[in-house]
Amino acid sequence: MATYKIAWMPGDGTGRDVMDAARIVLDAIGFDAEYVPADIGWEFWCSEGDALPPRTIDILKTTDCALFGAITSKPKDEAAEELAPQLQDKGLSYFSPIVKLRQLLNLHTNLRPCKAYAGNPLNFRDDIDLVVFRENTEGMYGGVEFHPLPQSVFDALCLNPKMKRFGDKGLENLALSTRIMSRQGCQSIVRQAFEYAKKHGRKSVTLVEKPNVLRETGGLMTRVAREVADHYPDIPLWETNIDAMCMWLVRKPQEYDVLVAENMFGDIISDLAAGLVGGLGFASAANIGDDYAVFEPTHGSAPKYAGQYKVNPTAMLLTVKLMFDWLGEKELAQRLEHAVATVIREHKVGTYDVGLNNTTLEVAEEVARNL
Ligand code: IPM
Ligand code: MG
């Protein structure tokens, strides 16, 4: 029997391309695992009305962790149109399966390292080494939304006098998305950011929020972050607003280290940070819970490139490295990162985004040769 059992979820579009690349490297490095395929993604929404079928959850429960390619998510109306004819008008509504997976399995922490590898021509600067800790289950991703606004919800919201002026527009004209955050959620993500900083000798933790406007949620997060920071006297807590952070990440990214944010702000800054180190083709990610994790690069499914083996597999390969870290396979993690770094530095084999013309799989094979 293999040492590990890994759920294998290519998902949509180029997710499949990069998962094929991952497999080349996993086999070459001698990772002893059984891979269990699991259905997830747009095609299952269209054909079954469920992008995350229950059988997939059952498979996940029998595995150590999951590797995931990418997902295609479309807005409500488009999703409804693409549903199989026999499923239309059944009241099915599309939700992003990865968001659901994060919540269902309580994968509360999204870890997203953004490091400039030497020799990458797409680096904004060569001295960037950021790690984003994104709260992964709460905030604006909680899914508590309404349109039109039910009268009872409107009445309840009128407990806050600021709600009244929206009533003039008519409830059918109002859409509501909520940002619900818990003390527990805030505490957990900030704690993990500090623990990571301590373990890896990082010099600071920066909280990205907007407490001057989002006074209650942003206020809670800020207070909790300060409480947590008191337990780590050697690591300073910096506080920035999301808008200013976007500017500073462009002006002086080298001065930042570990960033921590709630769900939506973490989503935003992780793409920005990825853009500084070569784009989404270089950005790895891990959705981590107490005893399960789903490893998934930050990028989407790029449907227009699907099946062409054109996209950069580096993000996926670095995501495999995060999986090795999480499994405690330190030696495999180091070898893989070293091989990826070598291929980037040599700049002989690479995909179109770095100005070369190799395929996704050729890059993976080159990484495999350097293991
Ligand atoms: C990400 C993605 C997802 C998110 C999408 C695909 C739902 O942008 O993982 O950052 O918003 O979390
Ligand atoms: Mg995102």
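Colleague: Where is Pro-148 found?

Modeller: Pro-148 sits in the loop between E6 and H6. Keep in mind that this is a predicted model.

Colleague: And what is the peptide bond from His-147 to Pro-148, cis or trans?

Modeller: That bond is cis, and its omega is near -5 degrees. For context, most peptide bonds are trans.

Colleague: OK, on to backbone angles. What phi does Asn-106 have?

Modeller: Asn-106 has a positive phi of about 50 degrees, although it is not a glycine. Most residues other than glycine have a negative phi.

Colleague: Where is Asn-106 found?

Modeller: In the loop between H5 and strand E4 (109-115).

Colleague: How does Asn-106 count on accessibility?

Modeller: Asn-106 counts as partly exposed, because its relative accessibility is 38% and that class runs between 20% and 50%.

Colleague: What about Tyr-309, what's its phi?

Modeller: Tyr-309 is not a glycine either, and its phi is positive, about 50 degrees. You'll find Tyr-309 in the loop between strand E12 (293-295) and helix H12 (314-327). With 27% relative accessibility, Tyr-309 counts as partly exposed.

Colleague: Good, pockets then. What volume does the largest pocket have?

Modeller: About 1,200 Å³. The largest pocket has 41 lining residues, and those nearest its centre are Tyr-94, Phe-95, Ser-96, Val-99 and Glu-145. Two or more lining residues come from each of helix H4 (76-82), helix H5 (97-104), strand E6 (145-146), strand E7 (176-177) and helix H11 (263-276).

Colleague: How do the residues of that lining divide by class?

Modeller: The lining of the largest pocket has 19 nonpolar, 11 polar and 11 charged residues.

Colleague: What about the second largest pocket, what volume is that?

Modeller: The second largest pocket has a volume of about 930 Å³. It is lined by 24 residues, and closest to its centre are Leu-157, Asn-160, Leu-176, Ser-177 and Arg-179. Helix H6 (151-157), helix H7 (164-167) and E7 each give two or more residues to that lining.

Colleague: And by class?

Modeller: For the second largest pocket, 15 lining residues are nonpolar, four are polar and five are charged.

Colleague: Which domains give residues to the lining of the second largest pocket?

Modeller: Domain 2 (124-139 + 183-276) and domain 3 (144-177) both do, so the second largest pocket lies between them.

Colleague: How many charged residues are in the lining of the largest cavity?

Modeller: There are no charged residues there; the lining of the largest cavity has 10 nonpolar and five polar ones.

Colleague: In which sense do E1 and E2 pair, parallel or antiparallel?

Modeller: Parallel, over five bridges, with E2 covering residues 33-37. Within that pairing, Tyr-4 stands opposite Ala-33 and Ile-6 stands opposite Tyr-35. E1, helix H1 (residues 14-29) and E2 also make a right-handed β-α-β unit.

Colleague: How many bridges join E1 to E3?

Modeller: Five, and E1 and E3 (residues 65-70) run parallel. Gly-11 has Ala-70 in E3 as its bridge partner.

Colleague: Last one: is Leu-52 buried or exposed?

Modeller: Leu-52 counts as buried, because its relative accessibility is 3%. Leu-52 lies in the loop between helix H2 (42-48) and helix H3 (54-61). Its C-alpha atom is 6.7 Å from that of Gly-41, a residue 11 positions away along the chain.

Conventions: Residues are numbered from 1 along each chain as its sequence is written. Chains are lettered from A and ligands numbered from 1 in the order in which they are written. This is a predicted model: local features need pLDDT of at least 70, side-chain atom pairs count only at pLDDT 80 or more; totals for chains, interfaces and linings use all residues. Side-chain values use heavy atoms; hydrogens and water are left out. Two strands pair if DSSP finds at least two bridges between them. Helices (H or I, at least four residues) and strands (E, at least two) are DSSP runs, numbered from the N terminus. A crossover is right-handed if, with the strands pointing away from the viewer, the path from the first strand over the helix to the second runs clockwise. Ala, Val, Leu, Ile, Met, Phe, Trp, Tyr, Cys and Pro count as nonpolar, Asp, Glu, Lys and Arg as charged, and the others, Gly among them, as polar. On a 1 Å grid over the protein atoms alone, a cavity is a set of points where a 1.4 Å probe fits but cannot get out, and a pocket is an open set with protein on both sides within 12 Å along at least five of seven lines; lining residues have an atom within 4 Å of a point. Grid points are joined across faces, edges and corners, and a volume is the space filled by probe spheres set on the points. Domain bounds come from an automatic or database domain assignment. Buried means under 20% relative accessible area, exposed over 50%, partly exposed in between (1.4 Å probe, protein chains only).
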